[in-house]
There are 2 protein chains.
Amino acid sequence: MEPSRSETDIDEALAESFPASDPPSWTLGEEHAIRDTRGATMAIAKAEATWTGTLKEGAGTMKGSSRFLEGPYTYRSRFEGDGGGTNPEELIGAAHAGCFSMFLAAQLTTAGFPPARIHTTATVHLEAGPTIARIELVTEADVPGIDDQTFQEKVEASKRGCPVSKALAAVPSITVSARRV
Amino acid sequence: MEPSRSETDIDEALAESFPASDPPSWTLGEEHAIRDTRGATMAIAKAEATWTGTLKEGAGTMKGSSRFLEGPYTYRSRFEGDGGGTNPEELIGAAHAGCFSMFLAAQLTTAGFPPARIHTTATVHLEAGPTIARIELVTEADVPGIDDQTFQEKVEASKRGCPVSKALAAVPSITVSARRV
């Protein structure tokens, strides 16, 4: 698939604000970046999970390789609102909110408007299937000096271009509502 | 898109092991499940993130609504291996490993082989773009009495059918390697 013009714009903006491999892989084009996996690697993250027992009586733990992420989860903490554990959708929401906020900061900085603060909430809807059918991001951003049009352009570029948004492109509905504060 | 036969099989297996709305939304067909979002909602998860400052000098926090998930992240903890923080890809990996393991437990239980223990590691590759280009799941499972063919069938069904796998379907490469222990 040929990248559209707007995707090229995003890549160019990124070249100044996201880290490069050597040689910078985006100079070689998107197709190359995907195929030449060894040369293009920017970072590798590791995590794990353990589940013991059946779906309803069992229990599990999700854990990242850093020391900051370790949480129990059960059928009840995933489907019945039990606050005694976390669930995969909560992690997906945190990852999406985190990636979007960081990416938006990079976009705004490249555009000459470094942000003071960006806050994003994510609401992840698990529906029948079961399917993650909708993710709603709501952002409030303190960005000194920016006009609303430029701000909304960078929001839209971040919604399309942040790595987690791209990975979640199969989710039927992803919405972003952003305002300056 | 018409669901393939194997997807129908997965839905039928799920009807016995995943929670139902009232009436069970999967009895109404996949199309209905996606469109009738109110009736089909199984669970809603919330999370948030805050980023202050520019991409390289700034810092952020990702947080879930449960008390189990709160981690700092920076440019360095995302791209340069700094263990002083987490990153969105680590959360994606934990969510995928967790969802896959739980889903596999449900599949195995429905097939008459409740698992004693399932352990899954996830390795998430962030490549140029930046793009999450590859996710590798490696599973070891203690499943008393099961034959290898049935086990691998349930692994494959979980790879295709777990909610996080479906949400991440745009990731160019997702691999699962599973063995019984």
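Modeller: Start with α5(B): 23 residues, spanning 33 Å from first C-alpha to last, close to the 33 Å expected at 1.5 Å a residue. The expected span is 1.5 Å times one less than the number of residues. Helices here are DSSP runs of H or I, at least four residues, and strands are runs of E, at least two, numbered from the N terminus. This is a predicted model, where local features need pLDDT of at least 70, side-chain atom pairs count only at pLDDT 80 or more, and totals for chains, interfaces and linings use all residues. Residues are numbered from 1 along each chain as its sequence is written, chains are lettered from A and ligands numbered from 1 in the order written, and side-chain values use heavy atoms, without hydrogens and water.

Biologist: Why is E89(B) called buried?

Modeller: Buried means under 20% relative accessible area, exposed over 50%, partly exposed in between (1.4 Å probe, protein chains only). E89(B) has 2%, so it is buried.

Biologist: What makes α5(B) largely enclosed?

Modeller: Of its 23 residues, 21 are buried, so the rest of the structure largely encloses α5(B).

Biologist: What makes the E89(B) and R78(B) side chains a polar contact?

Modeller: The term needs a pair of N or O atoms within 3.5 Å; within protein, one must be able to donate a hydrogen and the other to accept it, and residues adjacent in sequence count only if both atoms are side-chain atoms. These side chains make such a contact at 2.7 Å.

Biologist: How do you know that β1(A) and β2(A) pair?

Modeller: Pairing takes at least two DSSP bridges. These strands have six, in the antiparallel sense. T50(A) stands opposite T61(A) in β2(A).
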